[in-house]
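Please look at the sequence and the three-dimensional structure shown below.

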Amino acid sequence: MAPITSGSATPTGNGLIVSFGEMLIDFVPTVSGVSLAEAPGFLKAPGGAPANVAIAVTRIGGKAAFVGKLGDDEFGHMLAGILRENGVVCDGISFDTGARTALAFVTLRADGEREFMFYRNPSADMLLKPEELNLELIRSVSRRFSPISSSLGPKSRTRCRVQGQIRAIVAGD
């Protein structure tokens, strides 16, 4: 479950934004305005708010890194590749051989309400452990802000340990 590298020197210091949490596969209907049950088919797309933020930062010229866990499967490696292709530092990603990458079916119904159906049993993103965090990457950032995804642990005890580890680093500034 070693981290992957971005293929270049890791940017550090001022301006680097580190995003923590989930990255998953969204399956979206091929037609809009229908419920998940009414959808005739689905297309796969990268998803997960923390990963989306990291990509958005690089697309507007910033420096971003992603910290999270993916399944050691086709989808997990595809998602890591999408991050790399978009210039996101991937030194904080680890792969789990025992859990799959999360899947979510999502649609915007005709009434404007979003509908989600997640497939986690648990998924790799929920199993990130404190000892798997790339502390060097996290410490390299001079200022940090990240809404920590609730996916960082299958149980609140694990989630609190990961969040506590990150907060301890942030408080050390």
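The paragraphs that follow describe the overall fold, the sheet, the nonpolar cores, the salt bridges and the aromatic pairs.

The structure is a predicted model, in which local features need pLDDT of at least 70 and side-chain atom pairs count only at pLDDT 80 or more, while totals for chains, interfaces and linings use all residues. Residues are numbered from 1 along each chain as its sequence is written, and side-chain values use heavy atoms, with hydrogens and water left out.

We begin with the chain as a whole. Read along the sequence, the elements follow the pattern β-β-β-α-β-α-β-β-β-α-α. Of the 173 residues in the chain, 47% are buried. Here buried means under 20% relative accessible area, exposed means over 50%, and partly exposed lies in between, with a 1.4 Å probe and protein chains only. Among contacts between residues at least 6 apart in sequence, 72% join residues at least 24 apart, where a contact means heavy atoms within 4.5 Å.

We turn next to the pairing of strands, for which DSSP must find at least two bridges between the two strands. Strand β2 (residues 24–29) runs parallel to strand β6 (residues 103–108), and 3 bridges join them. Within this pairing, F27 has F105 of β6 as its bridge partner. Strand β6 is also joined to strand β7 (residues 114–119), this time in antiparallel fashion and by 6 bridges. There, V106 has F116 in β7 as its bridge partner. The hairpin of β6 and β7 has 5 residues between the strands, and in it G112 takes a positive phi near 90 degrees.

The interior comes next. A nonpolar core is a set of buried Ala, Val, Leu, Ile, Met, Phe, Trp, Tyr and Cys residues joined through side-chain atoms within 4.5 Å. The largest such core has 18 residues, and those with the most contacts inside it are M23, F66, L70, L79, L83, V88 and I93. At least two residues of this core come from each of β2, α1 (49–59), β4 (63–71), α2 (74–85) and β5 (89–96). Apart from this core lies another, of 11 residues, including V18, V67, I138 and V141. What does L79 touch when its neighbours within four places in sequence are left aside? L79 is in contact with M23, L24, I25, P46, L70 and T101.

Charged side chains also make links across the chain. Side chains of opposite charge can pair when their charged atoms come close. A salt bridge is counted when a side-chain nitrogen of Lys or Arg lies within 4 Å of a carboxyl oxygen of Asp or Glu, and the whole structure holds 5 of them. One joins E22 to R120, with the closest N and O atoms 2.4 Å apart. Because E22 lies in the loop between β1 (16–20) and β2, and R120 in the loop between β7 and α3 (135–139), this pair ties together parts that are 98 residues apart in sequence. E22 is buried, at a relative accessible area of 15%, whereas R120 is partly exposed, at 28%. Another salt bridge joins D96 and K69 (3.2 Å, N to O). Since D96 lies in strand β5 and K69 in strand β4, the pair ties together parts that are 27 residues apart in sequence. D96 is buried at 9% relative accessibility, and K69 is buried at 1%. R109 and D111 also meet in a salt bridge (3.1 Å, N to O); R109 is partly exposed at 29%, and D111 is exposed at 53%.

The last topic is the aromatic rings. Rings of Phe, Tyr and Trp (its six-membered ring) pair if their centres lie within 6.5 Å; planes under 30 degrees apart count as stacked, over 60 as edge-to-face and the rest as tilted. The whole structure has 5 aromatic pairs. The rings of F42 and F105 have centres 5.0 Å apart and planes at 85 degrees, so this pair is edge-to-face. F42 lies in strand β3 (residues 42–47) and F105 in strand β6, so the pair ties together parts 63 residues apart in sequence. The rings of F105 and Y119 are likewise edge-to-face, because their centres are 5.7 Å apart and their planes are at 75 degrees. One aromatic cluster is formed by F27, F42, F75, F105 and Y119.

Notes:
Helices (H or I, at least four residues) and strands (E, at least two) are DSSP runs, numbered from the N terminus.
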